[in-house]
Amino acid sequence: MSMKEIASWVLNVCRVRGVQFADCRVVDERQRALATKNGKIGHVADSQSLGIGIRVLADGAWGFAATDDLSRSGVETTAGEAVEIARASAMVKQHDVRLAPEKAYVDDWTSPCQIDPFSISVEQNLDLLMKIDAEMRAVKGVTLAETNMNFRRYEQWYYSSDGSDIHQVKYTTGVGYAAYSFAGSEIMKRSYPTSFGGQWQDKGYELIHEFKLVENARRIAEESVALHKADQCPEGKFDIILDSSQLGLQIHESVGHPIELDRVLGMEANFAGTSFLTLDKLRKLKYGSELVNVVADATPQHGPGLGTFKYDDEGVPAQCTPIISHGLFTGYLTSRETAAMVGLERSGGTVRGEGWNRLPMIRMTNVSILPGEKKLSPDELIASTDHGIFFQTNRSWSIDDKRYNFQFGTEMGWEIKGGKLGRMLKNPSYSGITTEFWNSMDAICSREHWTLWGTPNCGKGQPQQVMGTGHGASPARFRGVKVGTAYKGN
């Protein structure tokens, strides 16, 4: 049987029962995860999942049901359950759900992938991870070395009662490692290429070749040990420079979550609370300085981010939405439902579900700050800073449930004096208020220093859904930021 035939059974049940709208996603997902820990295999896991999620709009309310039974009776029963859930939900609805209009599309798209990651043997992957592990543990003082490598192939068939018939395939690869040093009461950590799982993009195995993974392992390990002898990060107000990976997380927490329109409208509050970006602030709030230009861009042209696709899970084409334009707040992340609620003509195309058994919702796509238009390198940025602190690689974060007050810590810091990097600093942290912080940005490096970082583990929803997001950023400078309050150290 074909996926289209399965979808026809679903949509026929929905049509016979008189629903307003229905769509279904058949998802075939394969994942492989490998990890090592201190010279031993941490885990090697291969998994595959195939099923269908059915979403129905009836009597002005949503219903959703899912199954991994793709027989005719299985999907027809599940479609009927989705209709009954919608009708039951309608009994307690506060208003009718309306959808912003969208065309029907018939298309087929596969994300660029030069080397199928599943064509590389587990033994080859483990051999590389063990070499990295050995390099890190060769450094005296390293007490824990961890590595990981992850691959995903996500194939989806989307059909709707509007007539859409969309097939998409995405390959995702992730790799990273960390060295820990325990001494006294302190634990110091250094990660590569960045923290919390490393770098992830929608690419094949070629991503692994882009980083000098073995060559950088000893340096990373030496830095974790050296941090014990570094000076404590001072407290006070300083000009600060964030490396691009830290700026990526800053965007995720203080721009990406607050622009989710379901949070703004009070429809979603799990994990990240609601938002300070109420509707009255659109096109009025000075979110940042003139140099702050942020977009939510899911188009393949933006790059191989974890938020890249050709159509979202409502069949809406990927788009580039201006979020902050020369400092002015200009846009939200929207769905067909929320777009209609606030009078927009069209959804921004940002709806995704973790898998076939999860109801799709608004998720960050690639929320990125655009690079500076004038040529500027990190070295030139540091050289033009008289007295400040350079923050590298995220270690921790905390932000309130309106996304307004925040605090971030990084693995390492460097003092900047007279335009040059000085002493290494341990336990660096900074804090601020979202709009004050973005308005203090006075420089950002140019395109050649811009990286599209992947965040594979953004949580949202109840039950929780994990989603990958992308955040492009170049190193940038912020003036007069409160520094050094998170960790007191020894």
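1. S289 lies in the loop between α7 and β11; helices (H or I, at least four residues) and strands (E, at least two) are DSSP runs, numbered from the N terminus. Its relative accessibility is 10%, so S289 counts as buried (buried means under 20% relative accessible area, exposed over 50%, partly exposed in between, with a 1.4 Å probe and protein chains only). Apart from neighbours within four places in sequence, S289 is in contact with H326, G327, W438, N439 and M441, where contact means heavy atoms within 4.5 Å.

2. On the model itself: it is predicted, local features need pLDDT of at least 70, side-chain atom pairs count only at pLDDT 80 or more, and totals for chains, interfaces and linings use all residues. Residues are numbered from 1 along each chain as its sequence is written, and side-chain values use heavy atoms, with hydrogens and water left out.

3. F276 is also found in the loop between α7 (261-264) and β11 (294-297). F276 counts as buried because its relative accessibility is 10%. Leaving aside neighbours within four places in sequence, its contacts include P258, K281, L285 and Y287, as well as K402, R403, Y404, T434 and T435. P258 is 18 residues from F276 along the chain, and the two C-alpha atoms are separated by 6.7 Å.

4. Helix α1 (residues 3-16) has 14 residues and reaches 20 Å from its first C-alpha to its last, close to the 20 Å expected at 1.5 Å a residue; the expected span is 1.5 Å times one less than the number of residues. Its buried residues are M3, I6, A7, W9, V10, L11, V13 and C14. Among the elements that cover them are β1 (21-37), β2 (40-58), α2 (72-90) and β5 (144-160). Just after α1, G18 has a positive phi of about 75°.

5. Helix α5 (residues 213-226) has 14 residues and spans 20 Å between its first and last C-alpha, close to the 20 Å expected at 1.5 Å a residue. Buried in α5 are L213, N216, A217, I220, A221, E223 and S224. They cover an arc of only 160° around the axis, which puts them on the same side of α5; the arc is that of the directions from the helix axis to the C-beta atoms. The cover over these residues includes α3 (122-137), β6 (165-183), β7 (186-192), α4 (206-209) and β18 (405-417).

6. Strand β22 (residues 451-460) has seven of its 10 residues buried, so it is largely enclosed by the rest of the structure. Eight bridges join β22 to β23 (residues 465-473), and the two run antiparallel; strands pair if DSSP finds at least two bridges between them. G459 stands opposite V466 in β23. The two strands form a hairpin with four residues between them, and G461 in the turn has a positive phi of about 90°.

7. How many disulfides does a search of the whole structure find? The search finds zero, a disulfide being a pair of cysteine sulfur atoms within 2.5 Å. C320 is in no disulfide, and the nearest cysteine sulfur, that of C458, is 19 Å away. C320 is partly exposed, with a relative accessible area of 42%, whereas C233 is buried at 3%.

8. Overall, the protein has 10 helices and 24 strands. Of its 490 residues, 60% count as buried. Residues 24 or more positions apart account for 76% of the contacts with a separation of 6 or more.
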